[in-house]
Each structure stands twice: as structure tokens, then as C-alpha cells.
Amino acid sequence: MTKQSARNSAPTAVDRRGFMRLAGASAAGWLALGASPDRVRIVCLLSGLPLSDPLAAKTTNETAASRLSALVQGLNQRGWVDGVNVRVEIHSTLGGPEKLKATVQEAVDLNPDVIVTASTIETAAVMAATKTIPIVFATANDPVGNGFVESLAHPGGNVTGFTNSTAEMGSKWLQLLKEAVPAIERVGVIFNPVTTPRGGRFFLDAIEQEAKTAGVTLIPAPVQKASMIDEAIAGFSGSPPAGMIALVDSFLVVNRQAVVAAAAKHRVPMIYPFHYFIDAGGLMSYGAALEIRLADYVDLILRGTKAGDLPVQSPRKYELLINGKAADALGLKLPATLLARADEIRE
């Protein structure tokens with residue numbers, strides 16, 4: 001059963017009137033130059049986490065194909081035809097840190113007009129390699145805290161793009177978990193401090209505040225190796241009743257099968273940030289709908305707008321997904337009010 005709900009929508013960080021002024025000015029400048037570019041523009045799309053896990057590779061490749069298709073289609077609609085006045089190339093960074101470094105250097109050596117990155121790690125790698133080539137990140141966690149941009153409204157430099165999460169999501173995860181399992185007294189937060197934004201603090205501050213309001217005990221559960229996942233989750237089984245929150249974290253995405261399996265094995269209800277975990281059998285997720293609006297920004301940059309003048313945009317919509325089968329396996333009877341707000345319920 002699938003259902004769309006406007007109640008999970010969220011405002012963007014962009015000033016829409018300012019965006020339209022930028023778009024109008026760029027379009028006018030382009031028309032003054034004529035309908036055809038004087039050369040073929042090059043757009044490089046980097047995709048893939050620097051990890052060799054086959055499950056991560058499968059997800060990354062599927063996402064890359066979807067993102068590339070959406071980008072090419074969007075550019076076509078704006079007058080850019082792949083192979084005619086623009087060349088769109090995809091470069092895989094899968095294979096570890098050395099592969100990532102080599103792929104980034106290959107992209108930079110092409111001197112493209114725009115480099116599109118697919119993750120926080122890739123964006124950092126490209127920024128270390130060039131301060132002049134425009135960069136658009138498709139998704140990034142905490143771009144200000146990571147030093148990618150000066151501010152969301154005024155990025156500055158040669159970088160802009162789209163965020164996939166906000167710190168306030170932490171409180172929302174706890175609210176939804178408590179609504180699904182009202183009896184919980186403890187809440188564990190699982191994350192890898194090396195791969196989650198600000199070592200976990202980006203979300204933990206909001207979760208801690210919500211925990212005080214909800215009257216539950218918050219317990220961080222950091223893990224740095226896949227072998228630590230089962231033991232970390234096992235600590236929240238039994239009494240007093242507990243639930244868990246998985247943070248936005250590339251390590252957890254790669255190891256989602258192990259996380260979901262351990263949560264089921266130890267009968268610990270857990271909420272996740274991405275649908276990837278629901279695809280693996282997880283209970284529920286709440287996170288940004290990863291819609292791709294890359295073509296808008298790539299088009300503006302190809303027509304002369306500086307990347308640093310384009311504000312970073314926050315997600316337009318958040319989705320709540322619930323796995324009914326997983327709820328049944330945990331013996332949970334989810335409240336009708338929660339089910340009514342779900343964008344999708346999987347049976």
C-alpha cells in the first residue's frame with residue numbers, strides 16, 4: 001500500500017525568488033550568446049562509496065544509473081543533448097581509498113565544466129583536488145560542518161548542492177520510535193563515529209533533548225567494525241524495554257544486512273534513516289526522499305552561474321516507511337495514527 005502525504009514535507013533552504021532571479025539572469029545571458037554552445041561541455045558524475053562490499057556496490061550502481069538517467073533527461077529538457085553539445089561521463093569510485101583518489105584525479109584532469117559527486121566522502125576528495133572546477137554534490141550530510149560551504153544560503157567557493165538530512169531529524173526518529181513502541185525506557189543510538197556527521201554529534205544533540213522530553217534513557221552505541229554490530233544491538237534486548245535509532249552513516253548503509261538481521265535476532269525495534277534498511281527487512285525508516293534536482297544546478301553552471309552563488313537546497317519531502325511484516329515478527333501492534341501517516345506500508 002502506497003500513499004503520499006504532504007505532512008512529511010519540509011521547506012528548502014533556498015530563497016526561491018533569488019533562485020529564479022539567478023535562473024533568469026543566466027538564461028538571458030545564454031540567449032545573448034546564441035542557441036548553441038561554442039564547444040561541447042563536459043559533466044563528470046562520480047558515484048560509489050569507497051568500499052568494496054558487494055551489497056553496497058549493487059545499491060550504488062543502481063542509484064548511479066538512476067541518477068545518471070535523471071541528469072541526462074533533465075539536461076535534454078534544458079537544451080543540452082548528450083553527445084551533441086554536452087558530454088556526460090560517469091566515473092566509478094568503488095574499490096577503496098586509492099581507487100577514489102585515482103578516479104577523482106582522472107576527473108579533474110579532464111578539466112570538466114562541472115563535477116557531480118554522489119556522497120560526502122567523494123565531495124571531500126574532489127574539493128581536495130580542485131578549488132576551481134565547479135562541484136555539485138547530489139547528497140551531503142552537514143555541508144557546513146564538513147567545510148564544504150560557508151553557509152547554506154551563500155556557499156561561496158566552487159561548491160554547492162543538496163543535503164539529505166538535518167540535525168532535527170534526530171528528534172523526529174525518537175518521536176516515531178516512541179510512538180511505535182510506547183513502552184520503551186531505553187533508546188540506543190548505533191553509529192560509526194568515523195563515518196557519521198561530526199562523529200555522531202550532528203544528530204545526538206537533538207536526540208538527547210527529545211529523550212529528556214520523552215522520559216527515556218539515551219545510550220550511544222558506537223561501532224567501528226562490522227563484527228561489533230551484533231553485540232551492540234544485543235545490549236538492547238530484554239528488560240527494561242528498549243529500541244534503537246540508526247544514524248545517517250555510510251558504514252551502516254554498507255552493513256545494513258547485518259544491522260537488520262541483528263535487530264530481528266535480538267527483537268529490538270529500530271528506526272532507520274533510509275529506505276535501504278526497509279528493503280533489507282528493517283522495521284521503519286524516516287528520511288529524505290532522495291529526489292534528484294541536479295539538472296537545474298548543472299544547467300545554470302553550464303550557462304555561466306558560479307556554483308558558490310547557488311544556495312544549498314534541503315530536502316523538499318521526508319518519507320515515513322513501515323514494514324508490516326517486521327512489526328508482526330516483533331509482536332508490535334502499531335497505532336492507527338502512525339500507520340495513517342506512513343507514505344508506504346510494506347506487507
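**Reading strands, charges and rings**

Author: Let us begin with a pair of strands: β6 (residues 186-191) and β7 are paired in the parallel sense, over six bridges. Within this pair, Phe 191 stands opposite Pro 222 in β7. Please keep in mind throughout that this is a predicted model.

Reader: In general, through what do the strands of a sheet pair?

Author: The strands of a sheet pair through backbone hydrogen bonds, and the pairing is either parallel or antiparallel.

Reader: What is the order of the strands in the open sheet of seven strands?

Author: The order is β7-β6-β8-β9-β10-β11-β12, and the pairing in this open sheet is mixed. At the edges are β7 (217-222) and β12, each of which pairs on one side only. On average, neighbouring strands of this sheet are turned by 20° against each other, with direction ignored.

Reader: Which strands does helix α6 touch where it packs on the sheet?

Author: Helix α6 (residues 201-214) touches β6, β7 and β8 (242-246), and its direction makes about 155° with that of β7.

Reader: In which sense do β10 and β11 pair?

Author: Strand β10 (residues 284-288) pairs with β11 in the antiparallel sense, over five bridges. Here Met 284 stands opposite Ile 322 in β11. Strand β11 is also joined to β12 (residues 344-346), by three bridges, and these two run parallel. An example from that pairing is Leu 321, whose bridge partner in β12 is Glu 344.

Reader: Why is β11 described as largely enclosed by the rest of the structure?

Author: Five of the six residues of β11 (residues 318-323) are buried, and therefore the strand is largely enclosed by the rest of the structure. The reasoning rests on a cut-off: a residue is buried if its relative accessible area is under 20%. The reading can be repeated for β5, where five of the five residues are buried, so this strand too is largely enclosed by the rest of the structure. Strand β5 is joined to β4 by four bridges, and the two run parallel. In this pairing, Val 136 has Thr 160 in β5 as its bridge partner.

Reader: Which residue forms a salt bridge with Glu 89?

Author: The partner of Glu 89 is Arg 87, and the closest N and O atoms are 2.7 Å apart. Glu 89 is buried, with a relative accessible area of 19%, while Arg 87 counts as partly exposed at 34%.

Reader: Where do Lys 265 and Asp 230 lie in the chain?

Author: Their side chains meet in a salt bridge of 3.5 Å, N to O. The pair links distant parts of the chain: Lys 265 is in helix α9 (residues 256-265) and Asp 230 in helix α7 (residues 229-234), 35 residues apart. Lys 265 is exposed at 58% relative accessible area, and Asp 230 counts as partly exposed at 29%. Salt bridges may also form a network, as those linking Arg 201, Asp 205 and Glu 208 do.

Reader: Finally, by what is a pair of aromatic rings described?

Author: Such a pair is described by the distance of the centres and the angle of the planes. The structure holds seven aromatic pairs. Among them, Phe 137 and Phe 148 form a tilted pair, 6.1 Å centre to centre and with 50° between the planes. Phe 137 is in strand β4 (residues 135-140) and Phe 148 in the loop between β4 and β5 (159-163), 11 residues apart. Both Phe 137 and Phe 148 are buried.

Reader: Which residues do ring pairs link into a cluster?

Author: They are Trp 173, Phe 202 and Phe 203. A charge may also sit over a ring: Lys 172 lies over the face of Tyr 286, at 5.9 Å from the ring centre.

Notes
Residues numbered from 1 in each chain as written. Predicted model: local features only at pLDDT ≥ 70, side-chain atom pairs only at ≥ 80, totals over all residues. Heavy atoms only, no water. Buried < 20%, exposed > 50% of the residue type's maximum accessible area, 1.4 Å probe, protein only. Pairing = 2+ DSSP bridges. Salt bridge = Lys/Arg side-chain N within 4 Å of Asp/Glu carboxyl O. Axes fitted to C-alpha atoms, helices over the stretch in contact; angles between N-to-C directions. Contact = heavy atoms within 4.5 Å. Phe/Tyr/Trp six-rings, centres within 6.5 Å; stacked < 30°, edge-to-face > 60°. Lys NZ or Arg CZ within 6 Å of the ring centre and 35° of its normal.
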